[in-house]
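Subject: Two-chain model for you to look at

Hello,

Here is the structure I promised to pass on. Please open it first, then read my notes below.

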Amino acid sequence: MFDIAFNTFDEIINMKGHGIYVWLVYSISILIIVLSFTITRMRIKNICKRININNASG
Amino acid sequence: MYPYLLFIGITTLMIGWIWGVLYAPEDFQQGNSYRIIFLHVPASIFAQTIYYFMSICALMHIVWRVKLAAYLIKSAAPIGAMITFIALFSGSIWGIPTWGTWWQWDARITSTLILFIMYLGILTLHGSFSNLEKADRLMSILVIVGVVNLPIIKKSVDWWSTLHQPASISTSGSSIDPSMLMPLLISIVGLGFTLISLGILSSRLYILNREKNKKWVLEHV
């Protein structure tokens, strides 16, 4: 169960011709998830900044 | 709590994905393309789970007028749309080597597309009203109406003859070998924690945005 299913790095990339599908799906999905976190955090930071500016100006 | 959940989620998800993509054995029929399952199945599960969560919130908002429930719907909907898109996208790419096509208008795929459109519709509907209380109410009603699609997604593979395979995991057991099932279950748990932490972040953003003129927000920030 804990033996790696591939012998070389090339096999990991190619996966007998299916690597393009597998790696494309994982890379795009990870990018979407990471972007969701980044954009949400940035928007929270921006709104906190705006609230603080409004608060300071009374 | 958010950083801890995110840490647990990402660590678990990485263990599940690395195990599944690199260590699980090759499938005798689908070859290595089946490794998309470790992303596609968790994404599909949470595409529906998030909608169930939203429908409970919608019920709470309609029946008891709980304002926070409407805020949670509005925070969860973009995450639901995102994860449904990932489920559709990963399924389409998986379909190319397995079925020879990236799209088929079969019952499971079409009902999942309707779920994605429902998420976008909920967000669009809420954004089109300047009266936010009215927007909350109508959004909750639309969420309740959309619940009818969930059993259709679940049962579509049993009710109709579809290209999509029937469920491999159910309450009565699993048809997947344990060497593939274990990383799949770990991936489901990992994605769950990751999405909960994104949900906390998203609801924080929406509550701050909505209540930005309230005294408690000024004190909190």
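The notes take each chain, then the contact between the chains, then a few single residues.

One caution first: this is a predicted model.

**Chain A**

Chain A has two helices and zero strands. Its radius of gyration is 22 Å, well over the 10 Å that the globule rule gives for 58 residues, so chain A is more spread out than a compact globule. The C-alpha trace spans about 65 × 25 × 15 Å along its principal axes. Of the 58 residues in chain A, 14% are buried.

**Chain B**

Chain B has eight helices and two strands. In sequence order the pattern is α-α-α-α-α-α-β-β-α-α.

A compact globule of 221 residues would have a radius of gyration near 17 Å; chain B has 19 Å, which agrees. The C-alpha atoms of chain B fill a box of roughly 60 × 40 × 30 Å along the principal axes. Buried residues make up 38% of chain B. Contacts in chain B reach across the sequence. Among those with a separation of 6 or more, 77% join residues 24 or more positions apart.

One helix pair inside chain B is worth a look. Helix α2 (residues 37-64) and helix α3 (residues 67-99) of chain B have axes that come within 8 Å and cross at roughly 155°. The cut-off for roughly antiparallel is over 145 degrees, so α2(B) counts as roughly antiparallel to α3(B). The crossing of α2(B) and α3(B) is left-handed. The residues of this contact divide into 22 nonpolar, seven polar and no charged.

**Between the chains**

Chain A puts 29 residues in contact with 33 residues of chain B. On the chain A side, α2(A) gives the most, with 20 residues. By class, that side of chain A has 20 nonpolar, six polar and three charged residues.

Which way does α2(A) run relative to α7(B)? Start with the geometry. Helix α2 (residues 19-56) of chain A packs against helix α7 (residues 178-210) of chain B at an angle of about 25°, with the axes 10 Å apart. That makes α2(A) roughly parallel to α7(B). Their crossing is left-handed.

The residues that meet are these:

- From α2(A): A:Ile33, A:Ser36, A:Phe37, A:Thr40, A:Arg41, A:Arg43, A:Ile44 and A:Ile47.
- From α7(B): B:Thr194, B:Leu198, B:Leu201, B:Ser202, B:Arg204, B:Leu205, B:Leu208 and B:Asn209.

The residues of this contact of α2(A) with α7(B) divide into eight nonpolar, five polar and three charged.

**Single residues**

Two loop residues have a positive phi. Most residues other than glycine have a negative phi.

A:Lys16 has a phi near 55°, a positive value in a residue other than glycine. A:Lys16 lies in the loop between α1 (9-14) and α2 of chain A. Is A:Lys16 buried or exposed? A:Lys16 is exposed, because 11 other C-beta atoms lie within 10 Å.

B:Arg65 also has a phi near 55°, a positive value in a residue other than glycine. B:Arg65 is found in the loop between α2 and α3 of chain B, the helix pair described above. B:Arg65 is exposed, with 12 other C-beta atoms within 10 Å.

B:Ile109 sits in helix α4 (residues 107-127) of chain B. B:Ile109 counts as buried because it has 21 C-beta neighbours inside 10 Å. What does B:Ile109 contact, leaving aside its neighbours within four places in sequence? Its contacts are B:Gly91, B:Gln104 and B:His164. B:Ile109 and B:Ala167 are 58 residues apart in sequence and 13 Å apart in space, C-alpha to C-alpha.

Best wishes

Methods. Residues are numbered from 1 along each chain as its sequence is written. Chains are lettered from A and ligands numbered from 1 in the order in which they are written. This is a predicted model: local features need pLDDT of at least 70, side-chain atom pairs count only at pLDDT 80 or more; totals for chains, interfaces and linings use all residues. Axes are lines fitted to C-alpha atoms, for helices over the stretch in contact, and angles run from 0 to 180 degrees between N-to-C directions. Helices (H or I, at least four residues) and strands (E, at least two) are DSSP runs, numbered from the N terminus. Angles under 35 degrees count as roughly parallel, over 145 as roughly antiparallel, 65 to 115 as roughly perpendicular and the rest as oblique. A crossing is left-handed if the near helix is turned anticlockwise from the far one by less than a right angle, and right-handed if clockwise. Two residues are in contact if their C-beta atoms, placed from the backbone, lie within 7 Å. Ala, Val, Leu, Ile, Met, Phe, Trp, Tyr, Cys and Pro count as nonpolar, Asp, Glu, Lys and Arg as charged, and the others, Gly among them, as polar. The radius of gyration is taken over C-alpha atoms; the globule rule is 2.2 Å times the number of residues to the power 0.38. A residue is buried if 20 or more other C-beta atoms lie within 10 Å of its own, exposed if 12 or fewer, and partly exposed in between; C-beta atoms are placed from the backbone.
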